[in-house]
Amino acid sequence: MNILITQAGKALQEKASCVPQSLFDATGLNKKELDEINERIMHLLHQLDGSAEK
């Protein structure tokens, strides 16, 4: 099955392409700091997921 993006979808995709960088810039963090936070959040989610299975 092929899924094709419409012209409107392409326009929206292009318009939204700056969102990740804008969010990163808004944090005021550098990449290392953001990576560390992300790692801690993933660890926390893993712990919470594990505790829910008990």
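Lys-31 and Asp-35 share helix α3, where they sit 4 residues apart, about one turn of the helix. Their side chains meet in a salt bridge, with 2.9 Å from N to O. This is a predicted model. The protein has 3 helices and 0 strands.

**The salt bridge**

- The structure holds 1 salt bridge.
- Side chains of opposite charge can pair when their charged atoms come close.
- A salt bridge needs a side-chain nitrogen of Lys or Arg within 4 Å of a carboxyl oxygen of Asp or Glu, so a Lys–Asp pair can qualify.
- Lys-31 is exposed, because its relative accessible area is 54% and exposed means over 50%.
- Asp-35 has 39% relative accessibility, so this residue counts as partly exposed.

**Overall fold and shape**

- Read along the sequence, the pattern is α-α-α.
- Helix α1 covers residues 7-16, and Gln-13 is found there.
- Helix α3 covers residues 31-52, and Ile-41 is found in that helix.
- The radius of gyration of the protein is 18 Å, but a compact globule of 54 residues would have a value near 10 Å.
- The C-alpha trace spans about 45 × 35 × 15 Å along its principal axes.
- Gln-13 and Leu-48 are 35 residues apart along the chain, and their C-alpha atoms are separated by 34 Å.

**Surface and burial**

- How much of the protein do buried residues make up? They make up 0% of the 54 residues.
- The protein exposes about 5,300 Å². Carbon and sulfur atoms supply 60% of that area.
- Gln-13 has a relative accessible area of 53%, so Gln-13 is exposed.

**A nonpolar patch**

- Which residues make the nonpolar surface patch? They are Ile-37, Ile-41, Met-42, Leu-44, Leu-45 and Leu-48.
- The area of this patch is about 550 Å².
- Ile-41, one of the patch residues, has a relative accessible area of 43% and is therefore partly exposed.
- Patch residues need over 30% relative accessible area, so a partly exposed residue can belong to a patch.

**Charges**

- The protein carries 6 positive and 8 negative charges.
- The mean positions of the positive and negative charges are 3 Å apart.

Key: Residues are numbered from 1 along each chain as its sequence is written. This is a predicted model: local features need pLDDT of at least 70, side-chain atom pairs count only at pLDDT 80 or more; totals for chains, interfaces and linings use all residues. Side-chain values use heavy atoms; hydrogens and water are left out. Patches are made of residues with over 30% relative accessible area and no salt bridge: like charges are joined within 9 Å, nonpolar side chains (Val, Leu, Ile, Met, Phe, Trp, Tyr) within 5 Å. Accessible areas come from the Shrake-Rupley method with a 1.4 Å probe; for residues, only the protein chains shown count as cover. Helices (H or I, at least four residues) and strands (E, at least two) are DSSP runs, numbered from the N terminus. Buried means under 20% relative accessible area, exposed over 50%, partly exposed in between (1.4 Å probe, protein chains only). The radius of gyration is taken over C-alpha atoms; the globule rule is 2.2 Å times the number of residues to the power 0.38. Lys and Arg count as positive and Asp and Glu as negative; His and the chain ends are not counted. The place of a charge is taken as NZ of Lys, CZ of Arg, CG of Asp or CD of Glu.
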